[in-house]
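Me: Can you walk me through this one? I'd like the big picture, then a few residues.

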Amino acid sequence: MTYIDILGKNAKEAARDLANLSTAEKNTVLLAVAKALVEKAPVILAENEKDIVVAKEHGISDIMMDRLRLTADRIEGIAEGVRQVADLSDPIGQVVRGYTNLDGLKIVQKRVPLGVIAMIFESRPNVSVDAFSLAFKTNNAIILRGGRDALNSNKALVGVIRQLLAEKNINPDVVQLVEDTSHAVAEELMQAVDYVDLLIPRGGARLIQTVKAKSKVPVIETGVGNCHIYVDELADLDMAVKIVLNAKTQRPSVCNAAESLVVHKNVAERFLPLLEESANRTQPIEFRADDAALAIFKTAVPASEEDYATEFLDYIMSVKVVASLEEAIDWINTYTSHHSEAIVTRDIVAAERFQDQIDAAAVYVNASTRFTDGFVFGLGAEIGISTQKMHARGPMGLEALTSTKFYINGQGQIRE
């Protein structure tokens, strides 16, 4: 058997074991995991520091380093996400609908686990815990394949969880980490149709496109965020400055950070200098602008066609000036990654049209795109943000990790 065969077989068996756990038992385990993560924080941080040292040697940027770095506060935040999942209603066994049909059959549709989930992700070690907590609460086993740059951190986090599970007499193989980070093993996981029911890639565009192209396992596309903010001609410009700066600079390395700015021509000459001045006081941004915006900015560079479609994950932002709401909507729908888009306006009609016509999982009015997050939306920790339309869309919480099954009870009926 190959390495992935072994992990897959273990996961299948563990998923069957999970079926016997009650909601109360699962919640008790999750709370214990949260406590163990905080208690073992010094060990986890020591392993994370090994990854940080290697990342520095490889010349990883400070912004990308921020995705990798753990702190005591971040571990507490990870633990709080696990506690939130424990507090959420358990969807397993939930009745979606029930009825008696014309043949007298009593038909009930219930939520059930998917079975075995695999996840391939980059850099951010918190993902391993978020994914485990959601999978465990929904009675799914999970196989995690993180990036090589976070291997020590992921081994430490998963190790704490597996040790706690063993102490609770629960099969620790409900969560397994692929410790061989070679591309060959990753591709084998993508094709493990005998074991894996759903594959979730979480990372940059290159990772997601590779998984989509090579996977034989059903894939949910997540993550890539070319998020736009449109400043309408009836926008409160002071509000718009705050929203743009928050969305772009508060944490530029995440998928819900804004990458693209669209501005109505009637406010561009007033708004863009305000934005540039405010950014220079706090965190300078490299604006890659069209001709109209270039003529207004003091410092900017010409935008290429590629810039308008790029997830920079840096203090860089493309800028486009438009003549109308319709042009803004068309522009955004052309370049969107279907993640999160926002409009700043005092025009209720414009706001409603924007929300109705923009093709994205989350569409904001007068708010930062940084709020697209399962924790913020009340879903507990998220396993990813789906940018597709099948099965799940937007932040994926517990229900996104379930399927349904029909339970049919009769009294001897046969079909004539």
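Predicted model: local features only at pLDDT ≥ 70, side-chain atom pairs only at ≥ 80, totals over all residues.

Me: What about the secondary structure: how many helices and strands?
Reply: The protein chain has 14 helices and 16 strands.

Me: What radius of gyration does the chain have, and what would a compact globule have?
Reply: The chain has 23 Å. A compact globule with 416 residues would have a value near 22 Å, so the two agree. The C-alpha atoms fill a box of roughly 75 × 60 × 35 Å along the principal axes.

Me: Take contacts between residues at least 6 apart in sequence. What share join residues at least 24 apart?
Reply: That share is 72%.

Me: Switching to charges. How far apart are the mean positions of the positive and negative ones?
Reply: They are 5 Å apart. The chain has 44 positive and 57 negative charges.

Me: Now the inside. How many residues has the largest nonpolar core?
Reply: It has 72 residues. Those with the most contacts inside it include Leu37, Phe132, Leu165 and Ile383.

Me: Pick Leu165. Which residues does it touch, leaving out those up to four places away in sequence?
Reply: Leu165 touches Val29, Phe132, Phe136, Ile170, Asn171, Pro172, Val174 and Val175. There is also a second, separate core of 32 residues. Ile243, Ala258, Val321 and Ala342 are among its members.

Me: Where does leucine 275 sit?
Reply: Leucine 275 is in helix α11, residues 265–282. Its relative accessible area is 0%, so it counts as buried. Beyond its sequence neighbours up to four places away, it touches Val241, Val244, Leu245, Leu261 and Phe287.

Me: How far is leucine 275 from phenylalanine 297 in space?
Reply: They are 9.4 Å apart, C-alpha to C-alpha. Along the sequence they are 22 residues apart.

Me: What about glutamate 57: buried or exposed?
Reply: Glutamate 57 is exposed, because its relative accessible area is 61% and the cut-off is over 50%. It belongs to helix α3, residues 41–57. Valine 33 is 24 residues away along the chain, and the two C-alpha atoms are separated by 33 Å.

Me: Next, aspartate 173. Where is it?
Reply: Aspartate 173 lies in the loop between α7 (151–167) and β5 (175–177).

Me: Is it buried or exposed there?
Reply: Aspartate 173 is buried. Its relative accessible area is 16%, and buried means under 20%. Setting aside neighbours within four places in sequence, its contacts are Asn10, Ala11, Ala14, Ala141 and Arg162.

Me: Last topic, backbone angles. What is the phi of leucine 313?
Reply: It is positive, about 55°, although leucine 313 is not a glycine. This residue is in the loop between β10 (301–302) and β11 (316–322). Leucine 313 counts as buried, at 14% relative accessibility.

Me: And what is phi for histidine 338?
Reply: Phi of histidine 338 is near 70°, again a positive value in a residue other than glycine. Histidine 338 is in the loop between α13 (325–335) and β12 (340–344). With a relative accessible area of 26%, histidine 338 is partly exposed.

Note on methods
Residues numbered from 1 in each chain as written. Heavy atoms only, no water. Helix = DSSP H or I, 4+ residues; strand = E, 2+ residues; numbered from the N terminus. Rg over C-alpha atoms; globule rule 2.2 N^0.38 Å. Contact = heavy atoms within 4.5 Å. Lys, Arg positive; Asp, Glu negative; His and termini not counted. Charge placed at Lys NZ, Arg CZ, Asp CG, Glu CD. Core = buried A, V, L, I, M, F, W, Y, C linked by side-chain atoms within 4.5 Å. Buried < 20%, exposed > 50% of the residue type's maximum accessible area, 1.4 Å probe, protein only.
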